[in-house]
Amino acid sequence: MPELPEVETIIRDLKKAPFQNKEIVDISITWARAVRGYSAKEFKNELIGNSIQDFGRRAKYLVFSISNGKTLILHLRMTGKLILHDQGDSLEKHDRVVYYFENGLQLHYNDTRKFGRFYLTDEPQEILGKLGPEPLGENFTLEQFRKDLSKRSRMIKSLLLDQSFIAGLGNIYTDEALWEAGIHPKQSSELIPEEKQGKLYQAIKNVLQRGIKNKGTTLGSGLGNFARMNQERGRNSDSLQVYQRDGEKCYRCGSKIKKTKVSQRSTHFCPRCQKKIK
Ligand SMILES: [Zn+2]
């Protein structure tokens with residue numbers, strides 16, 4: 001599932017895409033449930049004749065500013081992808097929504113598992129308002145993070161996955177950050193000592209920044225895996241320290257990486273570097 005670095009990679013690609021401010025001349029919707037807020041017909045009527053003026057990101061959401069004042073918000077969920085096509089290209093298998101621009105370019109939304117959604121709205125805060133701070137933004141401060149951790153008594157991994165606590169983290173980058181900070185994924189958040197709170201704060205930023213620098217994590221070779229708009233794969237899988245390395249040696253201490261479940265999510269950790277504090 002795309003997390004903050006993958007979505008940020010797509011947004012940076014979109015900002016360079018040559019269809020910004022170009023009129024949308026047609027839209028094809030082959031999976032009506034991929035659009036929300038309007039029926040498929042109304043969705044097309046609202047957008048055709050307008051253009052996308054800007055691209056932004058909030059947590060794992062892609063946020064498009066439309067020339068009619070509305071906001072188009074996309075969540076890719078499990079397998080959603082945006083792929084840029086040239087004039088005349090035909091629909092590919094699993095294409096759910098296709099935007100056609102006046103200069104001939106086409107933006108294809110492809111989604112094998114069909115969980116992704118486009119929300120067209122006048123009130124973006126209704127969707128984005130409940131999200132926690134952006135971990136790479138100014139509002140995410142160590143002081144506040146310490147307070148928030150101490151107030152809760154949840155397993156730290158579940159808490160980090162909670163988008164209202166901190167926005168944009170998912171399964172991969174959470175495991176990576178906890179390994180870097182040396183914190184057990186099932187550690188109760190209020191028992192994390194001050195020194196480790198600081199390490200975790202920095203580790204979250206480090207793993208996300210590295211993910212962005214490597215243009216995201218692509219794990220497998222299947223169609224459902226993350227790819228950029230030009231279909232290039234992200235390179236961050238080569239930099240993962242713990243995620244999906246169960247049975248292999250920890251890069252720090254040589255112990256065997258273990259796998260467990262937290263909130264139904266497979267979780268990878270080093271039993272020696274990430275001891276639980278009671
Ligand atoms: Zn270790």
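Ser263 lies in the loop between strand S10 (258-262) and strand S11 (265-269); strands here are DSSP E runs of at least two residues and helices are H or I runs of at least four, numbered from the N terminus. Although Ser263 is not a glycine, its phi is positive, at about 50°. Ser263 is partly exposed, with a relative accessible area of 38% (buried means under 20%, exposed over 50%, partly exposed in between, with a 1.4 Å probe and protein chains only).

His94 is another non-glycine residue with a positive phi, of about 75°. His94 is placed in the loop between strand S6 (80-85) and strand S7 (95-101), and its relative accessibility of 21% makes it partly exposed.

## Basis of the model

The structure is a predicted model, in which local features need pLDDT of at least 70 and side-chain atom pairs count only at pLDDT 80 or more, while totals for chains, interfaces and linings use all residues. Residues are numbered from 1 along each chain as its sequence is written, and side-chain values use heavy atoms, with hydrogens and water left out.

## Overall architecture

The protein contains seven helices and 11 strands. Its radius of gyration is 20 Å, close to the 19 Å that the globule rule gives for 278 residues, so the protein is as compact as a globular protein of that length; the radius is taken over C-alpha atoms, and the rule is 2.2 Å times the number of residues to the power 0.38. Along the principal axes, the C-alpha atoms fill a box of roughly 60 × 35 × 30 Å.

Of the 278 residues, 51% are buried. Among contacts (heavy atoms within 4.5 Å) between residues at least 6 apart in sequence, 65% join residues at least 24 apart. The accessible surface, from the Shrake-Rupley method with a 1.4 Å probe, comes to about 12,900 Å², and carbon and sulfur atoms account for 44% of that area.

## Charges and salt bridges

There are 48 positive and 33 negative side chains, and the centres of the two sets are 9 Å apart. Lys and Arg count as positive and Asp and Glu as negative, without His and the chain ends; each charge is placed at NZ of Lys, CZ of Arg, CG of Asp or CD of Glu. The whole structure holds 14 salt bridges, each defined as a side-chain nitrogen of Lys or Arg within 4 Å of a carboxyl oxygen of Asp or Glu.

One of them pairs Arg58 with Glu134, with the closest N and O atoms 2.8 Å apart. Arg58 belongs to strand S3 (residues 52-58) and Glu134 to the loop between helix H3 (125-128) and helix H4 (142-151), so this pair ties together parts that are 76 residues apart in sequence. Glu134 is buried, at 16% relative accessible area.

Within helix H4, Asp148 and Lys151 are three residues apart, or about one helical turn, and they form a salt bridge with a closest N to O distance of 3.6 Å. Asp148 is buried at 14% relative accessible area, whereas Lys151 is exposed at 63%.

Glu195 and Lys199 are four residues apart in helix H7 (residues 194-213), again about one helical turn. Their side chains meet in a salt bridge of 3.3 Å, N to O, and Lys199 is partly exposed, with a relative accessible area of 41%. Elsewhere, salt bridges that share partners join Glu8, Arg12, Arg57, Arg58 and Glu134 into one network.
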